[in-house]
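Here is my note on the model you sent over. I have kept it to numbered points so that you can check each one against the coordinates as you read.

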Amino acid sequence: MTSTRDRARLERLGVEPLTYSEVGATAGTLPAGYHHVRRSKVIGHGRGVFTDAANALMTWQMHSRAGLQVVPSAPRAARDVVVFMRLGIAGRGVVIPCRVVYEIAEERRIGFAYGTLPGHPERGEESFVLELLDDDRVCMHIVAFSQPARWFTRLAGPISRRAQAFMTDRYIRALRA
């Protein structure tokens, strides 16, 4: 159940601009001046694994299973859906606001990308795409570009990169069959 305070935050975020200009770049050439992440991992085999993982991805379960508290403006990821996540305990911790900037909905590929909104510790975009390959392997692809946007992420330097790698690994594990 979304609280009144959370709904108000989602409404405010819904009109905020993205904090970067290279919208959609995770689908192509990643822009210079950012830290880049490209990770692909086989998470299982078969149409059933693909379907289950796609449902978990598109309904924010992957993020929840990875340890984030997820508050979306809609139950499924789709273009212009706003979400904020919390990394912490009991509603405390870092708030991570994003907006879905594109969605992929193909027979053998599904996913989305979200971009950062004001208040996010980073500035940039991250995409999550599941693919059912011809040999029945199910592969998760995560692509991101980011740079520090808050004083604490600038100060943290390389620790921020390790935290991003840690979360990328958690996302993949959250979808593994």
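1. Among what covers the buried residues of α1 are β2 (69-72), β3 (82-87) and β4 (94-105); contact here means heavy atoms within 4.5 Å. Helices (H or I, at least four residues) and strands (E, at least two) are DSSP runs, numbered from the N terminus. Before going on, please keep in mind that this is a predicted model, in which local features need pLDDT of at least 70 and side-chain atom pairs count only at pLDDT 80 or more, while totals for chains, interfaces and linings use all residues. Residues are numbered from 1 along each chain as its sequence is written, and side-chain values use heavy atoms, with hydrogens and water left out.

2. Which residues of α1 are buried? In this helix (residues 4-14) they are D6, L10 and L13, where buried means under 20% relative accessible area, exposed over 50% and partly exposed in between (1.4 Å probe, protein chains only). They sit on the same side of α1, because they cover an arc of only 65° around the axis; the arc is that of the directions from the helix axis to the C-beta atoms. T4, R5, E11 and R12 are exposed, on the face turned away from the buried side of α1.

3. Now the sheet. Its seven strands form an open sheet with antiparallel pairing, in the order β1-β7-β6-β5-β4-β3-β2; two strands pair if DSSP finds at least two bridges between them. β1 (35-45) and β2 are at the edges with a single partner strand each, so one side of each has no neighbour in the sheet. From one strand to the next, the twist averages 20°. Axes are lines fitted to C-alpha atoms, for helices over the stretch in contact, and angles run from 0 to 180 degrees between N-to-C directions.

4. α1 packs on it, touching β2, β3 and β4, and its direction makes about 125° with that of β3. Helix α2 (residues 47-58) also packs on the sheet, touching β1, β4, β5 (109-116), β6 and β7, with its direction at about 20° to that of β5.

5. Beyond its neighbours within four places in sequence, M140 is in contact with residues including R39, L57, F128, L130 and I172.

6. Finally, the charged pairs. There are seven salt bridges, each a side-chain nitrogen of Lys or Arg within 4 Å of a carboxyl oxygen of Asp or Glu. One of them joins the side chains of R47 and E107 (3.6 Å, N to O). R47 is in helix α2 and E107 in the loop between β4 and β5, so the pair ties together parts 60 residues apart in sequence. R47 is partly exposed at 37%, whereas E107 is exposed at 62% relative accessibility.
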